[in-house]
Amino acid sequence: MLAVSKSISRIGYRFGCKILPLLPKWPGEVAFIKLLNTQLSEELEDGLFDFLDEQILEVTVTDLGIRLRVSKRGDQFVRAPAGVPADSTISANSADFLAIASGREDPDTLFFQRRLSLGGQTEIGLTVKNRLDALDRSRIPQWAQRGLELIAAELAAVVAN
Amino acid sequence: MELVCPAGSLPALEAAVDNGADAVYIGFNDETNARNFGGLNFNDKNALRALERIRNRGRKLFVAINTYAKPDSFARWQAAVDRAAGLNADAVILADIGLMGYARERHPELALHLSVQASATSAPALEFYRQQFGIRRAVLPRVLSLKQVQQLAAASKVELEVFGFGSLCIMAEGRCHLSSYVTGESPNQNGVCSPAKTVEWRNAAGGLETRLNGVLIDRFAENENAGYPTLCKGRFIVDGKRQHALEEPTSLNSMALLPELKAAGIQAIKLEGRQRSPAYVAQIVRTWREAIDEVLQRGADFSVKDSWRDTLSKNSEGKQTTLGAYDRPWQ
Ligand code: SF4
């Protein structure tokens, strides 16, 4: 597991840095939004993400040049229309996003250190952070959690070098 | 010494319990608590889950209802006390006198902790709250020096809880009007200092600018650390010099004082940060658990380990952690 995650993160990271910024649109956006809709269906039904209704949140992974633009309509996250400016923006590099996702680092800590930045309506960004923090992590399978942690640790090292 | 830890969500509560919290404090998701941020805190369903997890692990649950009730909506604060009593919480943390009276009368079995927001800094003040409302514990304001804490502890008939770690307010606990001056909302009334809806971060030529309700309060150069966007921590031109006129972004850290606090008879150490993520809660709770265990074992022989200091300063607002008001020599 360790060796696998090491090479995935190293090779994947180098490759991603080269290729992804050249693409006009991140090809994973559709798949990612689909994944959000299935993983967060309960929360969506409970109205926990209603604050994103007709709002555009833009998440930028700085080193990979990935830009994810998400909005919400009805009970679903949807891709935000192109050309419309975002209401709220969050950006950081991939290692830091993974560190947050895997529970290694606290977003406020990264924010103090200027590794995570917020723009536009701060309340949207803050609420997103709080909602994600409150998600029940036990729903993510153990192996996936562990993999996420390993890749996050490895990527932190790769980026630091 | 009890370690009292913050949780703004269920995963944070679990992180606190897993890493050695003796007690966890939470708030309901409205303005009855002083961390009233979008997406944070507990609705009834989650509060029940929190209680269940706390009971399974044999820890304590405190509910912070630590803002001041508004004249036209006192019922909401009363309802919050009723909900906490209904949960069978181990204590409620209150600041408002009217609410304390209500809790005493309606739920005589419910333990009351006096919030730091009530700003009781003298033995007679503590005694007043004890006689009137039967408070069991008081959280001491961070304005006090170690000597003052020791004197209070010697005189007090209630348990005392002292802040161990966390972002620092300007030391006007319960009395700060800066936030309402600029944004119209204050921690005591609305449960939030510098509400996010009034905050704007903007990258400009001179650096990262923070605005509060349109008022520029700080500008951070490329490699400067940022802090929470509160007026007290802004930089202003005073006497021709741009400086932190009121307070620098710093975090309080009283870990080095643990042996003295224990010797003084302080019953509990409180960690700040219900607005932070489970990752923060896990790291700081683990660190303080180890430190308190060490003090309990070694007494005065205790010293702060480098690894603890590193973890705390990494997670703190402002680059440095200081002893804050505990060692203000002018006190
Ligand atoms: S403005 Fe500063 S001192 Fe006043 S409540 Fe907010 S953080 Fe505390």
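A polar contact is a pair of N or O atoms within 3.5 Å; within protein, one atom must be able to donate a hydrogen and the other to accept it, and residues adjacent in sequence count only if both atoms are side-chain atoms. By this rule, four residue pairs (both at pLDDT 80 or more) are in polar contact across the interface of domain 1 and domain 2 of chain B.

The model is predicted, so local features need pLDDT of at least 70 and side-chain atom pairs count only at pLDDT 80 or more, while totals for chains, interfaces and linings use all residues. Residues are numbered from 1 along each chain as its sequence is written, chains are lettered from A in the order in which they are written, and side-chain values use heavy atoms, without hydrogens and water.

**Chain B**

Domain 1 of chain B covers 2–168 + 250–327 and domain 2 covers 188–244, with bounds from an automatic or database domain assignment. The C-alpha centres of the two domains lie 27 Å apart. Their contact (heavy atoms within 4.5 Å) takes 17 residues from domain 1 and nine residues from domain 2.

On the domain 1 side, Tyr68(B), Lys70(B) and Glu317(B) lose the most area to domain 2, together 38% of what that side buries. Glu317(B) also meets Lys233(B) in a salt bridge. By class, the domain 1 side has five nonpolar, six polar and six charged residues; Ala, Val, Leu, Ile, Met, Phe, Trp, Tyr, Cys and Pro count as nonpolar, Asp, Glu, Lys and Arg as charged, and the others, Gly among them, as polar.

**Chain A with chain B**

Here 25 residues of chain A are in contact with 32 residues of chain B. The rule finds 15 residue pairs in polar contact (both at pLDDT 80 or more) across this interface. In chain A, α5 (107–112), β5 (117–120) and α6 (122–133) each give two or more residues, and α6(A) gives the most, with eight residues. The chain A side divides into seven nonpolar, eight polar and 10 charged residues.

**Buried area and salt bridges**

Buried area is the accessible area (1.4 Å probe) that two parts lose on being put together, summed over both. A salt bridge is a side-chain nitrogen of Lys or Arg within 4 Å of a carboxyl oxygen of Asp or Glu.

| Interface | Buried area | Share on carbon and sulfur | Salt bridge, N to O |
|---|---|---|---|
| Domain 1 and domain 2 of chain B | about 1,100 Å² | 43% | Lys233(B) and Glu317(B), 3.1 Å |

Terms used
Helices (H or I, at least four residues) and strands (E, at least two) are DSSP runs, numbered from the N terminus.
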